[in-house]
Amino acid sequence: MIGRLRSLLFDAAFYGGSVPIVCAAPLAALVGTGPLNAVVRTWLRWHRFCARHIMGIHTRIEGRQLAGPALYVAKHQSFFETFELTLLLDHPVVVMKRELADVPVWGRAAQAYGLIVVDREASGAALKRLIREARLARAAGRPVLIFAEGTRVAPGEAPPLRAGFAGLYKALDLPAVPIALDSARVWPRHGPKRPGTVTIRFADPIAPGRPRAEAEALAYAGINALEPAALPGSADTAPRSSPPSSER
């Protein structure tokens with residue numbers, strides 16, 4: 001009962017507070033990228049504030065992100081990491097499904113911020129558009145974030161990577177950093193959210209130029225490092241020693 005009440009309070013506070021922020025985004029976009037980025041960061045910080053102080057959800061960061069542009073390929077278990085990773089990576093271009101671009105008011109502003117819209121079918125034309133827009137992000141010195149499984153998955157699930165990762169990895173010629181996380185433990189797809197700590201683990205970067213099969217295997221293992229039971233042929237794929245970590 002307490003968990004459900006906290007979830008309801010979180011929803012009321014976050015979505016209620018989001019209304020003026022989301023409405024301000026298109027106006028900020030008309031002024032310029034600076035004001036729009038400020039509005040987006042306000043929204044991301046509001047989400048973190050509500051998650052932390054209402055739901056009691058914190059994050060533990062393991063490993064390190066890179067100082068320069070990179071391709072980040074992440075596990076996707078909940079709504080939580082779409083906000084938290086965008087805040088952590090500092091103004092990344094995010095590859096997201098088309099439905100988000102159709103949200104009234106917000107959709108157009110989100111694309112102005114740097115949302116790259118992709119179709120679930122991953123057609124050839126869609127992949128070319130994805131690569132073209134990601135190259136613009138690289139030219140601007142911005143990181144690119146993709147949830148390479150294509151959709152949210154439940155704990156223990158490790159579906160194959162979609163074609164978008166391999167296409168971006170080859171086209172961008174940037175190091176790729178896999179990100180594992182376990183947000184579904186506290187933020188399930190169905191049912192109330194609950195307090196706890198979400199681990200976000202940055203794996204060692206995959207150097208650009210590796211063969212596709214090798215890069216995909218490394219990315220797959222990296223994003224599933226907190227789901228060892230889902231990986232074939234291994235009882236434990238986590239590092240033997242704990243990487244540097246910090247609480248947020």
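Which residues of the largest nonpolar core touch the most other members? In this predicted model, they are Phe 10, Ile 57, Tyr 72, Leu 85, Leu 145, Ile 200 and Phe 202, out of 43 residues in that core. Helix α2 (residues 33-53) supplies the largest share of the core, 7 residues. A second, separate core holds 27 residues, among them Val 95, Tyr 169, Ala 171 and Ile 206.

Beyond its neighbours within four places in sequence, Phe 202 is in contact with residues including Ile 61, Glu 62, Tyr 72, Leu 89 and Val 177. Glu 62 in turn forms a salt bridge with Arg 201, with 2.8 Å between the closest N and O atoms. This pair joins strand β1 (residues 57-62) to strand β7, across 139 residues of the chain. Glu 62 counts as buried because its relative accessibility is 11%, under the 20% limit; Arg 201, at 12%, is buried as well.

The model contains 8 salt bridges. Another of them pairs Asp 11 with Lys 193 at 3.3 Å, linking helix α1 (residues 2-31) to the loop between β6 (176-181) and β7 (196-202). Here Asp 11 is partly exposed at 28% relative accessibility, whereas Lys 193 is buried at 9%.

Glu 227, in the loop between α7 (212-223) and β8 (245-247), is buried yet has no salt bridge. The nearest side chain of opposite charge, Lys 75, is 5.8 Å away, so the pair falls outside the 4 Å limit for a salt bridge. A polar atom of the Glu 227 side chain does, however, lie 2.6 Å from the backbone nitrogen of Gly 156.

How values were computed:
Residues are numbered from 1 along each chain as its sequence is written. This is a predicted model: local features need pLDDT of at least 70, side-chain atom pairs count only at pLDDT 80 or more; totals for chains, interfaces and linings use all residues. Side-chain values use heavy atoms; hydrogens and water are left out. A nonpolar core is a set of buried Ala, Val, Leu, Ile, Met, Phe, Trp, Tyr and Cys residues joined through side-chain atoms within 4.5 Å. Buried means under 20% relative accessible area, exposed over 50%, partly exposed in between (1.4 Å probe, protein chains only). Helices (H or I, at least four residues) and strands (E, at least two) are DSSP runs, numbered from the N terminus. Contact means heavy atoms within 4.5 Å. Lys and Arg count as positive and Asp and Glu as negative; His and the chain ends are not counted. A polar contact is a pair of N or O atoms within 3.5 Å; within protein, one must be able to donate a hydrogen and the other to accept it, and residues adjacent in sequence count only if both atoms are side-chain atoms.
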